[in-house]
Amino acid sequence: MKTRSVLEGIGPYNPPRLRQEISVDYGSDEFVKLTMNELSFGPLPEARAAIVETLSRAGRYPDRDADPLREAIARANTGLSSDNVVVGNGSSETLVDLMQILDRPGEVVIPWPSFPFYASAARVVGLDIRKIPLDDHHRADPDAMLAAVTPETRAVILCNPNNPSGTYLPLSEVRRFAEALPNDVLLILDEAYYEFVDDPTYVGSHDLVLQSENVVSTRTFSKVHGLAGFRIGYGLAPRRLADLVWRAHVPFSVNQAGQAAATASMGQPEAIAQRSRQMKRERERVQDAFGAAGLEYVPSHTNFVMVGAKPGLFERTGVLVREGEALGYPVGWSRVTIGGPEENDRLLAALS
Ligand SMILES: *Cc1c(COP(=O)(O)O)cnc(C)c1O
């Protein structure tokens, strides 16, 4: 069979270590999983109720256009209408849909280390990838990324805040970057951690989408909304691009229970903001403890922290964290998800 040779070069997803693979003698089976930036809270009660309600309709296809969800998302982003909103089976699918609308051959510029999925998704759809190193402060380097743009560049992805470094660029810098980018290059702002950014001016990032032809933002219900298992993400896009995304999109990929849960969760902005504040208090506590223990860490604007410590350190108290080298960091760094208070207690117990 003639298959695409590019696929041979794409490594399968390299998952975090599992409890079974760890030989430390921790006297319990109850490991704490702080590997995947999931929220310890899970779905809001309103989202749980909405999921249960959809069971009676599970034999029917979902709403193909996800209208109520798209309207709820548009309402939360002043000035946008549901024509500017696309949804996906996780924002991962929206990222792929966006890459599918780009002309080929061509190249996608990304910061590095960043979300490894960008590189594999680009190659799968037939685009090349160019990785631009973070600066000395672990931040994306807009000038270096701009300098890397060539006539072959179809898109630039700015993961903001960046996974796995946890750093972010303020809106003024993102705006300057967007303005400097040629109009025929798509700027994808991956805002999976949007709701955790402390800076009050950042909430206006969707204005960039409104004011341009070539800026889209992707966000997700997998993080602050605690719905990772239901696979709902979305994109905010200029109408023309949103229209093209819908043409590329797999019909009915966004399941009914997830749509209902996400719509219900969008209806509770105060509860979501409250969770974000709680997470930040825990993040401060964890970062302070890292500092007090003399560990180097990157101050975070997300629900995870990159810290200069090997995973083995935390495994001593039964906590699994993500190995930095799987994410493009040197050996000896780990990405630690901020868990609930008791999970973080276990994490910090490893420091003493
Ligand atoms: C978690 C994450 C996503 C979200 O993925 P989903 O497919 O929505 O679950 C997207 N981008 C980054 C950088 C992430 O860390």
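Q: Why is Gly308 called partly exposed?
A: Its relative accessible area is 26%. Buried means under 20% and exposed over 50%, with partly exposed in between (1.4 Å probe, protein chains only). So Gly308 counts as partly exposed. This is a predicted model: local features need pLDDT of at least 70, side-chain atom pairs count only at pLDDT 80 or more, and totals for chains, interfaces and linings use all residues. Residues are numbered from 1 along each chain as its sequence is written, and side-chain values use heavy atoms, with hydrogens and water left out.

Q: Which residues is Gly308 in contact with, leaving aside its neighbours within four places in sequence?
A: Leu295, Glu296, Gly332 and Trp333. Contact means heavy atoms within 4.5 Å.

Q: What makes Leu7 partly exposed?
A: Leu7 has 41% relative accessibility, which puts it in the partly exposed class.

Q: What is the distance from a polar side-chain atom of Thr220 to an oxygen atom of the ligand?
A: It is 2.6 Å. A polar contact is a pair of N or O atoms within 3.5 Å, so the Thr220 pair qualifies. For Asn163, the distance to a ligand oxygen is 2.8 Å.

Note on methods: A polar contact is a pair of N or O atoms within 3.5 Å; within protein, one must be able to donate a hydrogen and the other to accept it, and residues adjacent in sequence count only if both atoms are side-chain atoms.
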